[in-house]
Amino acid sequence: LEGSGEVNFVYSVMQSSLQYWVRLNASSPVLTYKDAQTDGVSPMDAPCPAAPSPSAVYRFTATSSPNCVQSSCDYFLGIRTNDNDPTYLDFVLEGSATGWIGVGFAPNPAMASADVLGCVVQISGGVAIVDAWNVPATSEGLNNDVRDDIQNVCPHSASYSNGRIQCVFSRQIITNDTAQDVPMNGSYYLLYG
């Protein structure tokens with residue numbers, strides 16, 4: 001090696017297929033969260049709470065039929081307050097689908113302007129947990145073009161097997177993304193897909 005100057009070593013750390021930290025170096029003061037399924041958008045700026053236990057009881061549930069249980073419903077949504085941090089809600093979405101499942105929180109019965117949280121099956125067979133926004137006058141669902149600029153979801157688990165999608169994640173009740181996230185302490189129409 002000839003010459004003089006500094007050598008800067010840059011590295012990445014992978015925690016799981018859904019979370020990793022990129023472009024770290026010796027002078028990095030903190031790890032910057034990077035969400036693998038949301039390249040090109042900003043990560044959330046708050047630490048994630050602990051995941052709910054597999055036996056967690058969800059206080060609010062919505063199902064495709066009144067008598068089904070989570071593992072057999074065509075659609076199941078569960079929402080609960082996180083045990084370790086009450087400023088977060090835990091979500092479980094599960095259902096029979098090949099592309100995606102989600103829930104939208106809208107100020108009116110239309111899909112436009114809905115804050116959408118969902119699970120999207122990737123080409124690789126993995127499942128991405130996304131925070132999306134249905135822009136006014138359209139209803140593109142969980143299309144890549146309408147993913148929030150800031151991904152305010154904490155992915156805990158996601159899977160796709162035998163035609164069933166399942167994901168567990170948390171989100172703050174009130175986020176700093178006032179442009180594309182609705183505060184979860186208000187009244188909204190719930191849209192299932």
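Gly78 sits across from Val92 of strand β7, in a model that is predicted. Strands here are DSSP runs of E with at least two residues, numbered from the N terminus.

Buried means under 20% relative accessible area with a 1.4 Å probe, protein chains only. β6 and β7 form a hairpin, with six residues between them.

| Strand pair | Sense | Bridges |
|---|---|---|
| β5 (residues 60–63) and β6 | antiparallel | four |
| β6 and β7 (residues 88–96) | antiparallel | seven |

Zooming out, the protein chain has 14 strands and zero helices. Of its 193 residues, 45% are buried. Contacts (heavy atoms within 4.5 Å) also reach along the chain: among those between residues at least 6 apart in sequence, 48% join residues at least 24 apart.

Which residues line the largest pocket? Val92 is one of them, and the lining also includes Tyr58, His156 and Gln166. Lining residues have an atom within 4 Å of a point of the pocket, which is an open set on a 1 Å grid with protein on both sides within 12 Å along at least five of seven lines, probed at 1.4 Å.

Residues are numbered from 1 along each chain as its sequence is written. Local features need pLDDT of at least 70, side-chain atom pairs count only at pLDDT 80 or more, and totals for chains, interfaces and linings use all residues, while side-chain values use heavy atoms, leaving out hydrogens and water.

Methods: Buried means under 20% relative accessible area, exposed over 50%, partly exposed in between (1.4 Å probe, protein chains only). Two strands pair if DSSP finds at least two bridges between them.
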